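Here is a brisk report on one protein chain.

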Amino acid sequence: MHKADAPHGHALRFVDRGVDVVVGIALIGELVVVIANVLGRSLFHAPLLWTDEVATLALSVIAFIGGAVAYRRDAHISVHAIIGSLPEAVRAVILAAADWLVLILAIVSVFYSVDLVQTRWDELSPILELRGAWFALPLPAGMVLLAFYAIVRLFERARRDVLIALIAVAILIAPLLVFEALASAPLPNAIAITLALLVVLVTVLLGLPVGFGLVLGTILYLHTGTFVSLVAVPQNMADGVGRFVLLALPFFIFAGFIMEGGGISRRLVMLIAALVGRLRGGLMQVMVVSMYIVSGISGSKAADVAAVGLVMRDMMDEEGYDRSESAAVLAASAAMGECIPPSLAMLVLGSVTSLSIGSLFAAGLIPAAVIAICLMALIYVRARKYKTKPHAGWNWVEISRLGVRAIIPFSMPALLFLGIFSGFATPTEISAFAVAYGLGIAVLLYRQVNLRQFGRMVVEASTVSAMVLFTLAAAQTFSWVLSAAQLPQMLASTVSTWRDSAELFMLASIAALVILGSLLEGLPALLILAPLLLPIAPELGVDPLHYGIVLLVAMGIGAFLPPLGVGFYIACAVTRAPGDRASVIMVPYVLVLLVGLLLVTFIPWFTLAVPHLLGFTH
């Protein structure tokens, strides 16, 4: 049955809007609470001590209830490179099978999360004295909603595809049921964790959203390798989003949508075009510098690519720039931007490891500049070959006009860093002020955001935030399983033979992040590998902060690496370039990115100079 024919369409839209309201209230409410806490603490010496408790509840609502809506809108991270090349009939069956798996995972999660709610009923929060069940309740509520949406999606698919997919899933699950009925002991640890890793990899490569693939691997390992109660799955998922620092994720994502929709990014790019466009390579040089600046505000790579690419696309077409070359430069610049604060990947890395977000912000500035200079040098050399037109000479009157217009947008990152490095507030609290400041500029000064547009921004930011937080929660459970399977100890034992070769360890880490970053579209590779590899780095004499930045850049290169990197195709779509030709042109830019990464890798000063100057310890 087609979507247009699905019954109760009005009821579904009512449910969607109702859930959007709930998640939006959680996002806006927590934003107000965080800002009120900072102002109360700084101006009146009266902090709101219950802020962390409200944050935990808000994050749970966004992650699990919002995560169900993100699934409804196909917003979860998923890999389509393989299934996109399959025949339509096969692809339809595989996607239906993914929906069946999501439905099964949701039902299992609901069953065991009810136990979690019951066990936390007698717990009380320290300040508000709320029952612990309230903090666990969004998870089963979200799983019920997820199951509902999975049924809706199955109903919307062709009945034949749904039935074939059901048979295939039943055949795959049958051995697990037989194992449960007959096995008297769990599988050996090595076999169980290998099976779980293979299932995660195969299902994700076949289109199952990454978060659900990680939950599936967790359940499979617990079921076959330990016989531990599956209540550990919802328990670890709930605990995985119960950290105040994670609020920086939805707040910076929200700020990115405000920058894009409020005209802030455009004003920055226009000034940079006037200043840098006179260099050989013209607007392509402008694209690299613009990505460096804009990446430092929006946090989201997709938002960065859209913000810079959409502003410059028509300008470059008018001056005769090759679209494929433009796509390659845009993708390479975005890959470089993963280590520019407040990159979403930086926030995630700080959330899943012991590295502080403030030190990561400081550490990424010079490495990104080094890679940007390498890209600009390549553009300078290739500009003569492609005869790109130089931008018009410096028009100081125009530059002055654009400079005045860009003062306030430039003040946004300046205030962000000043607030973090001065100790006025934490990165999470500063991210809340970034939203309020950007919203004030877009609404009151530029008047480019009305109430309807604001509502749309809240929905979009909530959806993206929910996807990220749900994936983080799933990664938390899978990381716990990897630890239970003693995989970190196995890795540590393996690399113990490299104690005299930190360089080999760094090169192997780069290769792993580039390859997995391409296969898993960036962030999931970081979620899986960073907690495992980062503790090993100090044992080999590698500074963990320096190592974290290297991982970020390597992951960014993988995410924008053709033919699998999804970021590359976003750049092609934005610039309206053919993917096949742009892939060929991308080759020298990838090589330069790798050269820049190697410079950063083997000259730690690039990474550590600013953190040491600012007094960060790690």
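## Salt bridges

Arg160 forms a salt bridge with Asp161, with 3.9 Å between the closest N and O atoms. A salt bridge here is a side-chain nitrogen of Lys or Arg within 4 Å of a carboxyl oxygen of Asp or Glu. The model is predicted: local features need pLDDT of at least 70, side-chain atom pairs count only at pLDDT 80 or more, and totals for chains, interfaces and linings use all residues. Residues are numbered from 1 along each chain as its sequence is written, and side-chain values use heavy atoms, leaving out hydrogens and water. Arg160 counts as exposed because its relative accessibility is 57%. Asp161 counts as buried, at 12%. Buried means under 20% relative accessible area, exposed over 50%, and partly exposed in between (1.4 Å probe, protein chains only).

The structure holds 10 salt bridges. In another one, Arg382 pairs with Glu325, the closest N and O atoms being 2.9 Å apart. Arg382 lies in helix H17 (residues 365-386) and Glu325 in helix H14 (residues 323-336), so this pair ties together parts that are 57 residues apart in sequence. Helices (H or I, at least four residues) and strands (E, at least two) are DSSP runs, numbered from the N terminus. Both Arg382 and Glu325 are buried.

Arg91 and Glu88 also meet through their side chains in a salt bridge (2.3 Å, N to O). They are separated by about one helical turn because they sit 3 residues apart in helix H3. Glu88 is exposed, at 52% relative accessibility.

## A salt-bridge network

Salt bridges link Asp74, Asp99, Arg153 and Arg157 in a network. Is Asp99 buried or exposed? Asp99 counts as buried because its relative accessibility is 2%. Asp99 lies in helix H3. Leaving aside neighbours within four places in sequence, Asp99 is in contact with Tyr71, Ala150, Arg153, Leu154 and Arg157. Contact means heavy atoms within 4.5 Å.

## Nonpolar cores

In soluble globular proteins, nonpolar side chains tend to be buried together. The largest nonpolar core here has 205 residues. A nonpolar core is a set of buried Ala, Val, Leu, Ile, Met, Phe, Trp, Tyr and Cys residues joined through side-chain atoms within 4.5 Å. Leu249, Phe254, Leu375, Leu469, Leu526, Tyr547 and Tyr589 touch the most other members. Helix H20 (residues 451-484) supplies the largest share of this core, 15 residues. Apart from this core lies another, of 5 residues, including Leu271, Ala274, Ile399 and Leu402.

What does Leu526 contact, leaving aside its neighbours within four places in sequence? Its partners are Ala345, Leu349, Leu513, Pro531, Leu551, Leu552 and Met555.

Leu507, Val595, Leu598, Leu599, Phe602, Ile603 and Trp605 make a nonpolar surface patch of about 620 Å². Patches are made of residues with over 30% relative accessible area and no salt bridge; like charges are joined within 9 Å, and nonpolar side chains (Val, Leu, Ile, Met, Phe, Trp, Tyr) within 5 Å. Areas come from the Shrake-Rupley method with a 1.4 Å probe; for residues, only the protein chains shown count as cover. Helix H26 (residues 579-602) gives the largest share of the patch, 4 residues. Val595 is found in helix H26. At 47% relative accessibility, Val595 counts as partly exposed.

Helix H27 (residues 605-613) has buried residues: Phe606, Thr607, Leu608, Ala609, Val610 and Pro611. Gly615 follows H27, with a positive phi near 80°.

## Positive phi in two loops

His45 is not a glycine, yet has a positive phi of about 55°. His45 is found in the loop between helix H1 (9-43) and helix H2 (51-72). His45 is exposed, at 68% relative accessibility.

Glu129 is not a glycine either, and has a positive phi of about 55°. Glu129 lies in the loop between helix H3 (88-119) and helix H4 (132-136). Glu129 is exposed, at 55% relative accessibility.

## Confidence

The chain averages a pLDDT of 81, and 89% of the residues score at least 70. pLDDT is the predictor's confidence in each residue, from 0 to 100. Among the elements of the chain, helix H5 (residues 138-156) has the highest mean pLDDT (93) and helix H21 (residues 487-495) the lowest (64). Over residues 1-7, pLDDT stays under 50. For residues 1-7 the model has 12 contacts beyond four places in sequence.
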